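Good morning, and thank you for making time for this presentation. I would ask you to keep the sequence and the structure in view while I speak.

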Amino acid sequence: MADYRGRLILSNFRIVDAEMDRYGSILVEGGRIKTIFAEDAGSALDRASREADLIINGRTISGSPVLMPALVDLHAHFRDGQEALSETLESASLAAAAGGYGTVVCMANTKPAIDTLEAARTLKARSDALGLIDLYPVMSLTKGMEGRELSELNALPDSRYTPRMLSEDGRDVAQDALFLTAMEEARRLGVPVSCHCDAGGPEAEAAKQRGFDRGIWSRIEENNATGRALRLGRRAGCSLHIAHISTKEAAEFVRIEKAQFAAQIAAQTAAQTARPPHLLTAEATPHHLALTEEDACRLGAESHGRVNPPLRTEEDRLAIIAAILDGTIDAIATDHAPHTQAAKEGGAPGFSGLETAFSVCFTELVRKGRIGLSALSRLMSAAPAGILGLGDRGRVAPGLRADFLIAELDSSRMACPASFKSRGKNSPFAGRELWGAILMTIHRGRVVFDRRLSS
Ligand SMILES: [Zn+2]
């Protein structure tokens, strides 16, 4: 998709990103931020406004609008081609735009799985033609995500498209040796491996066989799989990203590993640090930081409240928030998983998350005084952009891409999945009062979502 060639002025906004919180105006040219004007810019802003093709004036928007960098999602399932009546590339992209997202990483479990360069390139080209978001398909680690043979990782990098992340999604790779080889390929490419850490393991299998309930064996699964991913990642020396942390133990494993890694870096000689960096990063989802197993029971633990990993205890939820506060968890990702009503009733795991992520996090973290809006912007924009190596977005600064969201902060509304752009109406937040609605999303200088025009 081409950048919008015209000139756009965004005037009189509170502008917030990971490092900034101030009033001002922005001139966008050729899809990029050209100038940021201070609140009292006066004649310079007047001159720029006279030459603008479009002016969006914050003063004409009710509800104390704030302008922030568009969000970056490290983890979504678009299910393109996967399920009748469910999500399509178009509906998921509309949902992302309506949720304030400008960049989305989608997992490889589309149908067919994204296990070849050709499949990743084709999906990316289809998304670019829609022009609503920037989509970065991951490539799976093994062919068909079957855990037997490496996918086309040895054909990478490729000048036409190299994934910014690799992942086997919910399965990881059962064989240690193959998982390690895939991680070594990732190190060669300098691309992080996203580990979903819900693969089984003998201990979890035994708990399953003995009839323990899901909350118990899935906790063993997540904790063991996280430990294993950290061990293998350390051996391979690749960048590792731990997806949707949900237990207090897994958060603690990552905290300890990060501390050890920082100590190692500090002890390295200059020659050793010349080696490409091995980074450890982690994400949490809005639902794990806002909901617990009690919500799952209310919704139906094996139907509308089911998600992988499951909603956990209040103690876990608070541990996830503490891990966000101390930097153990770097980013918030949706794990958007749309399903039909019938599939949910049949126990399909996952929630449709793109359109509530910002307001859930704003309500739970910022309104409750746990973090400021700049910290939320770091978690949802700057940090995930950094993990993907996308230095041209995630902040508001001259030269960066004009990807923005405009949200209203001082009024609330009930979450209403019926009005989602996503075909997955499976939201655990239905009927909950949420603050921080997305009013508008701008992608590469072009308005791609406007709530006032949207029904
Ligand atoms: Zn997932």
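Let me begin with a definition: a salt bridge is a side-chain nitrogen of Lys or Arg within 4 Å of a carboxyl oxygen of Asp or Glu. Please also keep in mind that this is a predicted model. By that definition, aspartate 158 and arginine 160 meet through their side chains in a salt bridge, at 3.2 Å from N to O. The two partners can also be described by their accessibility. Aspartate 158 is buried, with a relative accessible area of 15%, whereas arginine 160 counts as exposed at 59% relative accessibility.

How many salt bridges does the structure hold? There are 38 salt bridges. One of them is formed by glutamate 51 with arginine 7, whose closest N and O atoms are 2.7 Å apart. Glutamate 51 sits in the loop between α1 (43-50) and β4 (54-57), and arginine 7 belongs to strand β1 (residues 7-16), so this pair ties together parts that are 44 residues apart in sequence. Arginine 7 itself is partly exposed, with a relative accessible area of 25%.

A further salt bridge links arginine 370 to glutamate 364, with 3.2 Å between the closest N and O atoms. Here arginine 370 counts as partly exposed, at 29% relative accessibility, while glutamate 364 is buried, with a relative accessible area of 4%. Salt bridges also form a network, which links Asp134, Asp392, Arg393, Arg401, Asp403 and Arg444.

Arg444 leads us to a hairpin. Strands β15 and β16 form this hairpin with 2 residues between them, and arginine 444, in the turn, has a positive phi of about 50°. Strand β15 (residues 433-443) and strand β16 (residues 446-450) run antiparallel and are joined by 4 bridges. Within this pairing, isoleucine 442 stands opposite valine 447 in β16.

I turn now to the domains. The chain is divided into domain 1 (7-67 + 403-453) and domain 2 (69-387). Their C-alpha centres lie 27 Å apart. To the contact, domain 1 gives 37 residues and domain 2 gives 50 residues.

Which residues touch the most other members of the largest nonpolar core? In this core of 97 residues, they are Phe78, Ile242, Leu376 and Met380. Helix α4 (residues 176-189) supplies the largest share of the core, 7 residues. Why does the core lie between the two domains? Domain 1 (7-67 + 403-453) and domain 2 (69-387) both give residues to it, so it lies between them. A second, separate core has 20 residues, including Met20, Val28, Leu67 and Leu439. As general background, nonpolar side chains tend to be buried together in soluble globular proteins.

Let us look at two members of the largest core in turn, Phe78 and Ile242. Leaving aside neighbours within four places in sequence, phenylalanine 78 is in contact with several residues, among them Glu87, Leu89, Val104, Cys106 and Leu354. Isoleucine 242 has alanine 282 as its bridge partner in β12. That pair belongs to a parallel arrangement, in which 3 bridges join strand β11 (residues 240-242) to β12. β12 also runs parallel to strand β13 (residues 331-332), with 2 bridges between them, and alanine 284 has isoleucine 332 as its bridge partner in β13.

Is strand β12 largely enclosed or exposed? In β12 (residues 280-284), 5 of the 5 residues are buried, so the strand is largely enclosed by the rest of the structure. Both of its faces are covered: Leu280, Ala282 and Ala284 are buried on one side, and Thr281 and Glu283 on the other.

Next, the metal site. The zinc ion has as its protein donors His75 (NE2), His77 (NE2) and Asp335 (OD), at 2.1 to 2.5 Å from it. Along the chain, these donors follow the spacing H-x1-H-x257-D. Histidine 75 is buried, with a relative accessible area of 0%, and histidine 77 is buried as well, at 5%.

Finally, consider threonine 356, placed in the loop between α12 (341-345) and α13 (357-367). Threonine 356 is buried, with a relative accessible area of 4%. Apart from its neighbours within four places in sequence, it is in contact with Ala415, Phe420, Ser427, Phe429 and Leu434.

How values were computed. Residues are numbered from 1 along each chain as its sequence is written. This is a predicted model: local features need pLDDT of at least 70, side-chain atom pairs count only at pLDDT 80 or more; totals for chains, interfaces and linings use all residues. Side-chain values use heavy atoms; hydrogens and water are left out. Donors are N, O and S atoms within 2.8 Å of the metal (3.2 Å for Na, K and Ca); water is not among the atoms, so sites may look incomplete. Buried means under 20% relative accessible area, exposed over 50%, partly exposed in between (1.4 Å probe, protein chains only). A nonpolar core is a set of buried Ala, Val, Leu, Ile, Met, Phe, Trp, Tyr and Cys residues joined through side-chain atoms within 4.5 Å. Domain bounds come from an automatic or database domain assignment. Contact means heavy atoms within 4.5 Å. Two strands pair if DSSP finds at least two bridges between them.
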